[in-house]
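Reader: I would like to learn how to read the helix and strand geometry of a model. Please take one feature at a time.

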Amino acid sequence: MELIGEMMKKAYLVNTNTENTVLINFRGHINMLEIWIHYIPFSNYRRPDYVKNMYLDKKNTEKNLKEIIAELDRLLKDEK
């Protein structure tokens, strides 16, 4: 799915060009993606500021991926 690749690329850009941290966890055995975003540098002692869990075999997957991409775009834009 193209949107997953786009999301991964933007997550990399956020992690390398901003103070925000994006964590992406793929759970292949249940076909699920879990996205966590920390708006300040990552800490094990703080919950993420943005969380999105999605099953990739559901009909709202494309909508969810576009929402995540928009959030990543916002973080990249805010850093400029």
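**Helices, sheet and single residues**

Reader: Is the crossing of α1 and α2 left-handed or right-handed?

Author: A crossing is left-handed if the near helix is turned anticlockwise from the far one by less than a right angle, and right-handed if clockwise. Here α1 and α2 cross in the left-handed sense. The model is a predicted one, in which local features need pLDDT of at least 70 and side-chain atom pairs count only at pLDDT 80 or more, while totals for chains, interfaces and linings use all residues. Residues are numbered from 1 along each chain as its sequence is written, and side-chain values use heavy atoms, with hydrogens and water left out.

Reader: At what angle do α1 and α2 pack, and how far apart are their axes?

Author: Helices (H or I, at least four residues) and strands (E, at least two) are DSSP runs, numbered from the N terminus. Axes are lines fitted to C-alpha atoms, for helices over the stretch in contact, and angles run from 0 to 180 degrees between N-to-C directions. Helix α1 covers residues 2–17 and helix α2 covers residues 61–79; they pack at about 25 degrees, and their axes are 9 Å apart. That angle makes α1 roughly parallel to α2 (under 35 degrees is roughly parallel, over 145 roughly antiparallel, 65 to 115 roughly perpendicular, the rest oblique).

Reader: Which residues of α1 and α2 meet?

Author: Contact means heavy atoms within 4.5 Å. On the α1 side, the residues in contact include L3, M7, K10 and V14; on the α2 side, they include L65, I69, L72 and D73. By class, this contact has 12 nonpolar, one polar and six charged residues (Ala, Val, Leu, Ile, Met, Phe, Trp, Tyr, Cys and Pro are nonpolar, Asp, Glu, Lys and Arg charged, the others, Gly among them, polar).

Reader: Is K10 buried or exposed?

Author: Buried means under 20% relative accessible area, exposed over 50%, and partly exposed in between, with a 1.4 Å probe and protein chains only. K10 belongs to helix α1 and is buried, because its relative accessible area is 18%. Setting aside residues up to four places away in sequence, K10 touches I69, L72, D73 and L76.

Reader: How many strands are in the sheet, and in what order?

Author: Strands of a sheet pair through backbone hydrogen bonds, either parallel or antiparallel. Two strands pair if DSSP finds at least two bridges between them. This sheet is open and has three strands in the order β1-β2-β3, with antiparallel pairing. Strands β1 and β3 are the edges, each pairing on one side only. From one strand to the next, the twist averages 10 degrees. Helix α1 packs on the sheet and touches β1 and β2, its direction making about 145 degrees with that of β1. Helix α2 lies across β1, β2 and β3, at about 155 degrees to β3.

Reader: How many bridges join β1 to β2?

Author: Strand β1 (residues 21–27) and strand β2 (residues 32–38) are joined by seven bridges. T21 stands opposite H38, and F26 has L33 as its bridge partner. Of the seven residues in β2, six are buried.

Reader: Where is N31, and what is its phi?

Author: N31 sits in the loop between β1 and β2. Its phi is near 55 degrees, a positive value in a residue other than glycine. This hairpin has four residues between the strands. N31 is partly exposed, because its relative accessible area is 28%.

Reader: Is W36 buried or partly exposed?

Author: W36, in strand β2, counts as partly exposed because its relative accessibility is 31%. Beyond its neighbours within four places in sequence, W36 contacts T21, V22, L23, P48, Y50 and V51.

Reader: Where does K58 lie?

Author: K58 lies in the loop between β3 (50–55) and α2. K58 counts as partly exposed, at 48% relative accessibility. K58 and R47 are 11 residues apart along the chain, and 26 Å separates their C-alpha atoms.
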